[in-house]
Amino acid sequence: MIDTTAAAPFAIGIPFLGAALAFLLARSPRIQRIIALTALSLTLLLEASLLLSTAQAGPRAVFLGGWAPPYGITMVVDSFASFMLVVSTLVSLAVLVFATDQGADESESDGPVTIFYPTFLILVAGVSNAFLAGDLFNLYVGFEILLTASYVLMTLGATDARIRAALTYVVVSVVSSVLFLIAIGMIYGATGTVNMADLASKLDALPEGTRYALHAMLLVAFGIKAAVFPLSFWLPDSYPTAPAPVTAVFAGLLTKVGVYAMIRTETLLFSGDDFGPLLMAVGGITMIVGILGALAQYDLKRLLSFTLVSHIGYLIFGIGTGSVTGMGASIYYVAHHIIVQTSLFLVAGLIERQRGVTNIERLGGLAKTSPFLALLFFIPAMNLAGIPPMSGFLGKVGLVNAGIEENSGIGWTLVAVSIVTSLLTLLAIARVWNRAFWREPGESKIAAAQMGLSEDQPGSAPTATMYGATAVLVVAGLSLTLGAGPLYTMADRSASQLLERAPYVEAVLGKEALTGLKPSHGGPTQGEST
């Protein structure tokens, strides 16, 4: 197997180059589509090769410009980063295919098509940069790239509702970014470096109070980006107003970049700090508050936005356990959630295009009139609810096992909360199914009239390409079940590397930097097999 690690920067460079070409060819939307699809396809192939390389060779580092760490820009490719790259670009490519056909008729376009393609590619480049970043400042740059692109995508069409939602989103994002930047400045002032491999040992040497303060600031900054309760208030009002493809890619990716940053910093930088019980408690509250919010919704997009918040709680639960079992389950579950949540938002986009609305009280008979659409909703919905033997169930079983291994009051409480949340998710999904798909159309009209809702706006039939892009993601979600064995093995290996810390540090700084390096809490000790 050829080691392609040296080509890792092209995972960022190809989307950027594609964005530049697409912007230059703004008067040719058809060529823009070809460029965007080609760029993401090439990026996906490159990232798949990176995943195979790291599976065999372990973590590898690339030093841009030949500058040795900790002074230059370092990109690190390990199993976790490469896995996230593949999943995120696969989802982005499927959403882009969906979007190209949705915008084929410019009279129905939600915004300037010429702006969409370059901005979408910049968003993907920012996500990839965040996953590959080997220092905190480059991680910050990755966040800012994707957030700047997301501001533009969210306001496509410039409707009043989108501008209002985007205003809240921008304010919250800026607050979290400023907090992150202040934390980076304080870390540099305390240690003289922002390289994460270098910080692995230098932060351990700081006074406990200083380290805890820096740790808390990063957790709050990433918690806002990941939509962790009580920092999740912005998400249900922001995401549903955007165009369907934008909402789908936001729901799948943006919050998961925040989760990725939390996993990376919790394992690599703050190994000795016992914030696990706090994270588990926050994860449990996020689960319950999110799913209760979902049960109160009548609009499908808002309901899915609340389930998005709820299932972020599962990921925080796994991070809080600090064990290989919990971290491995979180890595597996984050891939599941990216794919399944994006699939459901694309289905919501199909429903909105066909019926003109997403209010479940105004929908009915979809199972009879659109059986394939009903199937596309049913499979990822059951997956999200955790019905055996789907990937949602397997991921939750892993997290429950981690809670049982914790063998503490908070651990057992989180086990109970996760099971209750899963049952409530099934209840919310069943409610949507019964009202939007199973109920007769006449009954939905009566229910809408009783609620004082206006008449439905006429929609248009989704295209075969839109159905196909959604179906690809649904099948990808099922593949997580069929390939659960090797995927879980890879996730556990990634978790072990994260908690041990030594493979990452050695890839960046060499073996001499391992002297005195302790493994992360819950990780294997030095010399123990991973």
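User: Ground rule: helices (H or I, at least four residues) and strands (E, at least two) are DSSP runs, numbered from the N terminus. How many helices and strands does the chain have?

Analyst: There are 21 helices and two strands. This is a predicted model, where local features need pLDDT of at least 70 and side-chain atom pairs need 80 or more, while totals for chains, interfaces and linings use all residues. Residues are numbered from 1 along each chain as its sequence is written, and side-chain values use heavy atoms, without hydrogens and water.

User: How much of the chain is buried?

Analyst: Of its 530 residues, 61% count as buried. Buried means under 20% relative accessible area, exposed over 50%, and partly exposed in between (1.4 Å probe, protein chains only).

User: And the contacts? What share comes from residues 24 or more positions apart?

Analyst: They make up 80% of the chain's contacts with a separation of 6 or more. Contact means heavy atoms within 4.5 Å.

User: On to packing. At what angle do H11 and H12 pack?

Analyst: About 165 degrees, with the axes 7 Å apart. H11 covers residues 276-295 and H12 covers 300-321. Axes are lines fitted to C-alpha atoms, for helices over the stretch in contact, and angles run from 0 to 180 degrees between N-to-C directions. The two helices are therefore roughly antiparallel. Cut-offs: under 35 degrees is roughly parallel, over 145 roughly antiparallel, 65 to 115 roughly perpendicular, and the rest oblique.

User: Which residues of H11 and H12 meet?

Analyst: From H11, they include Gly-276, Gly-283, Met-287 and Gly-290. From H12, they include Phe-306, Gly-313, Tyr-314 and Phe-317. The residues of this H11 and H12 contact split into 12 nonpolar, 10 polar and no charged. Ala, Val, Leu, Ile, Met, Phe, Trp, Tyr, Cys and Pro count as nonpolar, Asp, Glu, Lys and Arg as charged, and the others, Gly among them, as polar.

User: How about H1 and H2, what angle there?

Analyst: H1 (residues 10-24) packs on H2 (residues 29-57) at about 175 degrees, axes 9 Å apart. That makes H1 roughly antiparallel to H2. Their contact has 11 nonpolar residues, three polar and one charged.

User: What comes just after H20?

Analyst: Arg-501, with a positive phi of about 75 degrees. Within H20, the buried residues include Tyr-488, Met-490 and Glu-500.

User: Where else is phi positive at a residue that is not a glycine?

Analyst: Ala-227 is one, at about 65 degrees. Ala-227 sits in the loop between H8 and H9 and counts as buried at 1% relative accessibility. Asn-407 is another, at about 50 degrees. Asn-407 lies in the loop between H16 and H17 (409-438) and is exposed at 58%. Most residues other than glycine have a negative phi, and most peptide bonds are trans.

User: Which residues does a cis peptide bond join?

Analyst: Pro-230 is in the loop between H8 (208-226) and H9 (235-238). Pro-388 to Pro-389 is also cis, omega near 0 degrees. Pro-389 is in the loop between H15 (371-385) and H16 (391-406).
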